[in-house]
Amino acid sequence: RGYQTQRKNYYKSIETIRIRTLTTPVVQEWINRLAGRLSPKTVSNVNGLLMAALAMFAPELRINVTLPRKIPAQLYTPSDSDIKALLAAIDDDELYLAVLLAAFGPLRRGELCALESSDVHDNYITVNKCMVKDSNGIWHVQPRPKTDASFRTVDFPEFVIEHIPQKEGRIFDCNPDNITNRFHRTIQRNNLSPFRFHDLRHTCASLLLSSGISMKQIQIWLGHSTFATTADIYAHLDFTAQEESANAMSGMFSREPKEVQPA
């Protein structure tokens, strides 16, 4: 779906050019135009799709372009007061559990929406699938998580496990878009500090790092494919500013995450 969106939105100016007539100047000009309106990450993704296509269908071409410089991540890490205020404002049991799983897991929206009762074992939750949207905009559960590294087992605090309903099958009766919409409505309706649902994962990473968990273990906990991804995202985060939050909640993390192999 992402590739189809890219093709529809970003390739119009070069899609009629025959592959073997492409040159570095032509592609560089296209990249420069995209860089004027898109984020460096998006430009990199769009270029990556083109390079992959060229590698398959015209491996003899040698196209070398300069991509826009990446902008260091500017992360907002919800503090313990942010989390407490948010949880106090939620009057929806399903959203309440979703916030706990993201802030103390940290699970992605698609991962938590795909959870089933069979994935919960005592205080551990196994992540082995993900809810995704297809090209027709229909959500369905994919029998694999986002990446191979996303296969993992996460140790949760007891108070999170206690909020999981005792029922067979899927734990959530919603999709990731439902979670996002309900989350933002709660933020706006209660005049809370504005942040994204995904930022709850930053809270967990901050607490883990401040509690002495290694960056490598945090990579496993987050389900990132590479250590570089984790380091690039969190190297710019001011963990000192989160010390009070970390001290307040560090006791919730008693064991390190376990690495599991894909089934």
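**Reading the labels on this predicted model**

Q: Why is the pairing of K84 and D80 called a salt bridge?
A: The side chains of K84 and D80 meet at 3.8 Å, N to O. A salt bridge needs a side-chain nitrogen of Lys or Arg within 4 Å of a carboxyl oxygen of Asp or Glu. Side chains of opposite charge can pair when their charged atoms come close.

Q: What are the ground rules here?
A: The model is predicted: local features need pLDDT of at least 70, side-chain atom pairs need 80 or more, and totals for chains, interfaces and linings use all residues. Residues are numbered from 1 along each chain as its sequence is written, and side-chain values use heavy atoms, leaving out hydrogens and water.

Q: What separates K84 and D80 along helix α4?
A: K84 and D80 are four residues apart in α4 (residues 80–89), which means about one helical turn between them. Helices are DSSP runs (H or I, at least four residues), strands are E runs (at least two), and both are numbered from the N terminus. The chain has twelve helices and six strands.

Q: How do you know whether K84 is buried or exposed?
A: Look at relative accessible area: buried is under 20%, exposed is over 50%, and partly exposed is in between (1.4 Å probe, protein chains only). K84 stands at 54%, so K84 is exposed. D80 has 12%, so D80 is buried.

Q: Which label does R196 get, and how do you know?
A: R196 has 45% relative accessible area, so R196 is partly exposed. D199 forms a salt bridge with R196, with the closest N and O atoms 2.7 Å apart. At 5%, D199 is buried.

Q: Why does the salt bridge of K129 and D119 pass the test?
A: The N to O distance is 2.7 Å, so the pair is within 4 Å. K129 lies in the loop between β2 (124–127) and β3 (130–133), and D119 lies in the loop between α6 (109–113) and β1 (120–121), so the pair ties together parts ten residues apart in sequence. Both K129 and D119 are buried.

Q: What makes T203 a buried residue?
A: T203 has 2% relative accessibility, so T203 counts as buried. T203 sits in helix α9 (residues 199–210).

Q: What does T203 touch, leaving aside neighbours within four places in sequence?
A: T203 is in contact (heavy atoms within 4.5 Å) with T77, P78 and I83.

Q: How many salt bridges does the structure hold?
A: There are twelve. D92, E94 and R182 are linked in a network of salt bridges. R182 is one of the buried residues of α8.
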